[in-house]
Amino acid sequence: MKKADIGLIGLGTMGANLALNIAEKGFRIAVFNRTTARTHEFAEEAGPLADNIMPCESLEALVGAIEPPRPIILMVPAGSAVDEQITALDPLLARDDIIIDAGNANFRDTRRRMAALATTGPHFIGMGVSGGEEGARHGPSIMVGGPEDSYRRIEKVLDAIAARYQGQACQAWLGPDGAGHFVKTIHNGIEYADMQMIAEIYGILRDGHGLAAREISPIFARWNEGRLNSYLIEITARVLEAVDPETGNPIVDMILDRAGQKGTGRWSAIEAQSLGIPATAIEAAVAARSLSAMKNEREAAQKRFGVPAPSAGAPSEEKLASLEAALFAGKIVAYAQGFSVMATASREFGWNLPLGTVARIWRAGCIIRSQFLGEIAEAFDGAPETENLLATPAFSAFIEEAHPHLRQVVAQSAESELPVPSLSAALAHFDTFRRARGTANLIQAQRDFFGAHGFERVDRDGSHHGAWHGS
Ligand code: 6PG
């Protein structure tokens with residue numbers, strides 16, 4: 001019997017859909033799940049694709065079923081399950097086999113695992129996969145990090161299963177080491193900011209203008225035809241028009257306002273902080289999720305402080321255009337921050353991350369997919385030395401046009417007591433970034449006053465102290 005081209009462990013939603021995608025593209029795939037019943041159930045449900053699927057009841061059988069050198073994808077929950085799987089697989093594999101962790105791993109774990117396997121174990125690849133269930137089944141965006149020669153051996157499979165944007169596969173080898181999982185983490189951080197800013201605009205329309213979900217839905221649907229065109233705007237319009245079959249109410253109104261988070265957004269904020277790169281729009285989005293979880297405290301606070309009733313009336317066309325431009329401006333800053341974090345990590349870890357390629361493989365398949373990412377790719381291609389999107393000619397023109405709207409929306413929201421944490425963080429970042437003379441001279445003076453930390457002077461080089469406490 002012909003052996004499999006590739007193996008996959010973990011037949012949860014993502015793993016099962018990825019396996020079906022691989023089988024559909026004509027590759028033979030051996031699959032294994034911790035519970036054997038699930039393995040068989042999966043093969044039975046695969047229909048005509050079952051011909052390309054080899055269900056295996058043990059890890060030994062899985063390894064035996066794959067043509068060496070064996071690529072094996074792990075699609076198990078991030079964390080200790082990955083370590084357990086590696087420990088179980090390692091003795092069964094040859095040196096040139098490849099373990100591919102396709103989960104949402106912390107890149108620091110990926111680096112640790114890669115280093116641990118480097119001398120005696122099989123090759124190890126950390127592969128970010130975005131696009132949820134649908135993407136895994138019909139074409140995700142795939143971000144690969146690890147040894148390039150290992151990537152080359154699985155490239156054909158990845159190329160076949162990835163999403164396509166104008167014929168180009170949305171998959172790439174991005175660098176050695178934990179590069180792939182790092183990029184996926186920042187993708188998720190940007191995803192958090194994008195979602196939060198959309199939610200803030202929804203909040204203005206709902207709580208400031210008093211619009212119902214079904215009235216807000218067509219606004220987002222219309223914006224999806226313009227420069228905000230993206231998967232997240234599209235699904236926002238669809239979510240807002242959906243009705244709860246049990247109550248007949250908009251489903252969004254029946255959902256508790258307490259957001260979950262699995263950790264990748266938080267990791268991107270942590271990594272930004274440890275690299276010393278401001279990612280405040282992303283950080284605000286992570287914090288907003290944390291605050292959303294404090295439902296009881298928020299209810300008590302509303303009793304204490306109250307909130308104003310919607311008073312703005314139906315938004316004019318002009319107001320809607322302003323909200324759209326504000327969202328666009330906020331989004332530019334959030335993406336600029338995310339790309340700066342990647343550029344700095346690339347230098348710090350020696351990855352040589354191709355920023356244009358990162359943007360290109362996010363144009364389709366992933367959760368933040370949009371035409372906007374095509375413009376980001378072009379901006380980085382046109383200015384390869386630039387790490388700051390806000391400094392590229394195209395994006396400085398975009399932000400120049402849109403920031404007055406962001407300013408107006410943030411100012412009016414503050415006046416109306418409506419929270420816009422991520423949008424206002426984006427505005428504050430832009431205003432700080434564009435001001436050549438900031439206020440850190442005072443910070444330096446304070447530091448020198450209480451701790452003799454020294455400061456630089458505007459008129460000559462060297463480290464200096466003030467005569468704060470007499471000479
Ligand atoms: C993707 C998503 C995916 C998943 C996140 C959600 O790119 O396909 O980002 O990875 O939806 O894990 O993360 P939270 O649970 O943290 O929102």
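Hi everyone, let's start at the ligand: 14 residues surround it, and the closest are Ser 130, Glu 191, Tyr 192, Lys 262 and Arg 289. A residue is counted as near when one of its heavy atoms lies within 4 Å of the molecule. Please keep in mind that this is a predicted model, where local features need pLDDT of at least 70, side-chain atom pairs count only at pLDDT 80 or more, and totals for chains, interfaces and linings use all residues. Residues are numbered from 1 along each chain as its sequence is written, and side-chain values use heavy atoms, with hydrogens and water left out.

What kinds of residues make up the shell? By class, there are two nonpolar, eight polar and four charged residues. Here Ala, Val, Leu, Ile, Met, Phe, Trp, Tyr, Cys and Pro count as nonpolar, Asp, Glu, Lys and Arg as charged, and the others, Gly among them, as polar.

Now for some polar contacts, meaning pairs of N or O atoms within 3.5 Å. A ligand oxygen lies 2.9 Å from a backbone N or O atom of Gly 131. For Gly 132, a polar backbone atom is 3.2 Å from an oxygen atom of the ligand. Asn 188 uses a side-chain N or O atom, 3.1 Å from a ligand oxygen. On its own the ligand has 410 Å² of accessible area, and the protein covers 80% of that (Shrake-Rupley method, 1.4 Å probe).

Finally, where does the ligand sit? Domain 1 (6-177) and domain 2 (185-433) both give residues to its shell, so the ligand lies between them. Those bounds come from an automatic or database domain assignment. The chain also has domain 3 (436-471), and the C-alpha centres of domain 2 and domain 3 are 37 Å apart.

How values were computed. A polar contact is a pair of N or O atoms within 3.5 Å; within protein, one must be able to donate a hydrogen and the other to accept it, and residues adjacent in sequence count only if both atoms are side-chain atoms.
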